[in-house]
Amino acid sequence: MGAAPRYARPFVAILVGMVVVCALAPLNLWPFSNWELFSRLRGPVESYWEAVVEDHGLVVADYTIGPHTACVPLLRSATARFGPATDVRIYHVERLLSDRLGSQAAPPYRTLVATCTAKGVRAQS
Amino acid sequence: MHRVERWIFAPEDARRLAGVRIGICLLLAYRLSAHDYDALAARHVRFLPHFYMDVFAHMPSPDLASALQTLGIAAALAAGLGLALRITLPVALVCGLILNGMLNSTGRVMVRDALLMLCLAVIIAAGRAAGDVWAVRAPNQMAFGERYGWPIRSAMIVIALAYFFASVQKWRYSGFGWVTSDNLRWILYAQPHPNGFALFIADRPLLAHLFAAGALLLETSFPLVLFVPRLRWLLIPAVLTMHVAIRIALGLDYSAQALTVLIVFVNWPVVVDWTRRTLAPTPAPREIAR
C-alpha cells in the first residue's frame, strides 16, 4: 500500500526534461515556457514607427506600425476606414527614457519618413 | 542520482497532496473566472495561434469561450471537492489550456499561469491518490505513503527550475549587465504611465541596481529550497514579495504564479493541525487535575 504508480518515474523524467529542454533550447511550448521574460538588456532609447492618418490636414488617427510596413496597404486600410481624402504619414519615433518632465515622459522626437497619398509616396530626404 | 530519486519518492502525508489539490483547483477556478474570455474572442479578429492553438482555424467563438469558462470553473471546483477526479481534473486542464491559449494567441505569450497549469498536470498524474483524503466521498482517515509524495516534490522541482531558468536566461543574454547597467531603470521608465513607486526606484540608480541584484540573486538561489528546507522560510516570502513589488512597479499580475508557489510549498497538514490546536478550547485547570 502507498507505493508510487509504475508510470510515476517516467512521468517525472519527461516533465523535468521538458522544463529543462524548453529553457535551454529555448522553446516556448506553453505552459513549458522558455522563462526569457525581461532577460535581454533594455537600452536608454525607445524607438518605434508610427502611422498618422490625416484627413484634409487634420489628424484622425495614429497608431504604431512595424518598421517595414509598406505604404500601399497602409493607405488602403486608412482609405477604407476614414474615406478617400486621407493621407498617411509615417514617422520614426525615438524617446530617451530618462527624458522626463516631472512624473511625465518628455515628448518623443518624431522624424517624418514618408507621406503616402493617392498620388504616390513622397519619401523625405 | 539515487539520493534524488529517494527524495522525490519519499513517503508523504496524504493530506499534504490533498491540500495542494484543493489549492491548485481553487486557484484555477479563480483564474478562469477573472478573465472575460468571450469579450476577448469577440474583440480579437487577429488570431496568432500559439503552439497547440494551431488546432483552431480562428479564435474560438465567444459562445465556445463562455462555455469553456463555465465548464472549466465547475470542473475545477468539483475537483477541489474531490469529486470524480479522473474526469473533473482533465476537463479543468483542457479548459484552462484552451482559454489560456486564447490569451496567448493575441500576439503575446503570457508566462503567469504556466506554473499553475504544470502543477495541475502533476495532480492529474497523481491519480486517485490526490483524492484519498479531504474529499467529499473519501473516508476521513490518515494515510501515508510514497504515492502522496512524488507529485508534491515534482511540482516543487518544476517551480524551482522555473525561477532558476528565469535567472539563467538573464545571465545568458545579459550577464552582470542585468545588474550593473541601467536596465531596470529603463524597464520602469518605458511603461506608458509609470506610477510613483516605479519612478521612485527608476530615479535612484543605486536603488535600481539593488533591486536588480536582489531579484537575480533570489532567482539564481531559489533551487536551494529543495535541498535546505529551512531556507523556504526566507526564499518563499522573498519570492512573494518580489511578485508584489513587480505588481506595484510594473502592473504585471503574477499572482497565479506566486499563489502556486505558496500552495505547493506550504505543509498543509502542519497548518491544519496547528490551527486545530490553537482553536481548540483549553481545558480548565480543574479538569486537568481530575
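Chain A, read from the N terminus, goes α-β-β-α-β-β-β-β-β. That is two helices and seven strands; helices (H or I, at least four residues) and strands (E, at least two) are DSSP runs, numbered from the N terminus.

Some housekeeping. This is a predicted model, where local features need pLDDT of at least 70, side-chain atom pairs count only at pLDDT 80 or more, and totals for chains, interfaces and linings use all residues. Residues are numbered from 1 along each chain as its sequence is written, while chains are lettered from A and ligands numbered from 1 in the order in which they are written.

Now the dimensions. The radius of gyration of chain A is 25 Å, whereas a compact globule of 125 residues would be near 14 Å. That radius is taken over C-alpha atoms, and the globule rule is 2.2 Å times the number of residues to the power 0.38. Along the principal axes, the C-alpha atoms of chain A fill a box of roughly 80 × 40 × 25 Å.

On to the interface: 32 residues of chain A are in contact with 40 residues of chain B, contact being C-beta atoms, placed from the backbone, within 7 Å. Helix 1 (residues 8-24) of chain A supplies the largest share of the chain A side, eight residues.

Last, chain B. Helix 14 (residues 255-265) of chain B is largely enclosed by the rest of the structure, because eight of its eleven residues are buried (20 or more other C-beta atoms within 10 Å of the residue's own, again placed from the backbone). Its cover includes helix 2 (14-33) and helix 7 (146-173) of chain B.

Terms used: Two residues are in contact if their C-beta atoms, placed from the backbone, lie within 7 Å. A residue is buried if 20 or more other C-beta atoms lie within 10 Å of its own, exposed if 12 or fewer, and partly exposed in between; C-beta atoms are placed from the backbone.
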